[in-house]
Amino acid sequence: MKLNRILLIAPLFLLATTPHAQQKRTRLGFVNVQKVVAAVPGGAGYLDLRKRVDTDLTKRQQNIQQLVAKANRTRARADVDAVNKAQQSFVSAQKSHQARLAQAFKPVGPKVNGAIAAVAKSSGFSVVLDQEVAARSKLVVYANAATTDLTPAILKALKK
């Protein structure tokens, strides 16, 4: 009989403690990282390099797609070799570009990341996402920009 009483009370105890654990709210914010990077000294150079890298890699991907289509049509060994060579060239260029981008971001990164972290912390945000990445990945379906966009506050903080 005593065991039955405990089994009846246990679920009620768990229900009573659940709201307490959920009281702390997590605030999620967004920032337009490109705008912030552009506002930092040296940021425009990084963004220009990023644009050139993206253009180059896109062209290389398109070339690979064309070569793959041709190789699928002809089944010729020379065409398959051309695809393999283009893919190796793409990987090599991608590694090279990543190294150049990382080097170009070194002087800009700490300022950008520091400003984002400071504003997010002072505003009570627990998590901050890049607007562009969230939009491109469709990670976020809806966000009220008036309450979640930290970009203006971060740009203001950088001007101080």
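Okay, let's start with Leu57, which touches Phe90, Gln94 and His97, leaving out residues up to four places away in sequence; touching, or contact, means heavy atoms within 4.5 Å. Before I go on, this is a predicted model, where local features need pLDDT of at least 70 and side-chain atom pairs count only at pLDDT 80 or more, while totals for chains, interfaces and linings use all residues. Residues are numbered from 1 along each chain as its sequence is written, and side-chain values use heavy atoms, with hydrogens and water left out.

Back to Leu57. You'll find Leu57 in helix α3; helices here are DSSP runs (H or I, at least four residues), strands are too (E, at least two), and both are numbered from the N terminus. Leu57 counts as buried, at 14% relative accessibility. For the cut-offs, buried is under 20% relative accessible area, exposed is over 50%, and partly exposed is in between, with a 1.4 Å probe and protein chains only. Gln94 is 37 residues from Leu57 in sequence, yet their C-alphas are 7.2 Å apart.

Next, Asp79, over in helix α4. Buried or exposed? Asp79 is buried, at 14%. Setting aside neighbours within four places in sequence, Asp79 contacts Lys70, Ala71 and Thr74.

Now the rings. Rings of Phe, Tyr and Trp (its six-membered ring) pair if their centres lie within 6.5 Å; planes under 30 degrees apart are stacked, over 60 edge-to-face, and the rest tilted. That gives 1 aromatic pair. It's Tyr46 with Phe105, tilted, at 5.1 Å centre to centre and 55° between the planes. Tyr46 sits in α3 (residues 43-74) and Phe105 in α4, 59 residues apart, so the pair links distant parts of the chain. Tyr46 is buried at 11%, whereas Phe105 is partly exposed at 25%.

Last stop, helix α5, residues 109-123. Its 15 residues reach 21 Å from first C-alpha to last, close to the 21 Å expected at 1.5 Å a residue; the expected span is 1.5 Å times one less than the number of residues. Which residues of α5 are buried? Those are Gly109, Val112, Ala115, Ile116, Val119 and Ala120. They cover an arc of only 150° around the axis, which puts them on the same side of α5; the arc is taken from the directions from the helix axis to the C-beta atoms. Facing away from that buried side are the exposed Pro110, Lys121 and Ser122. The cover over the buried residues includes β1 (28-31), α2 (33-39) and α8 (151-159).
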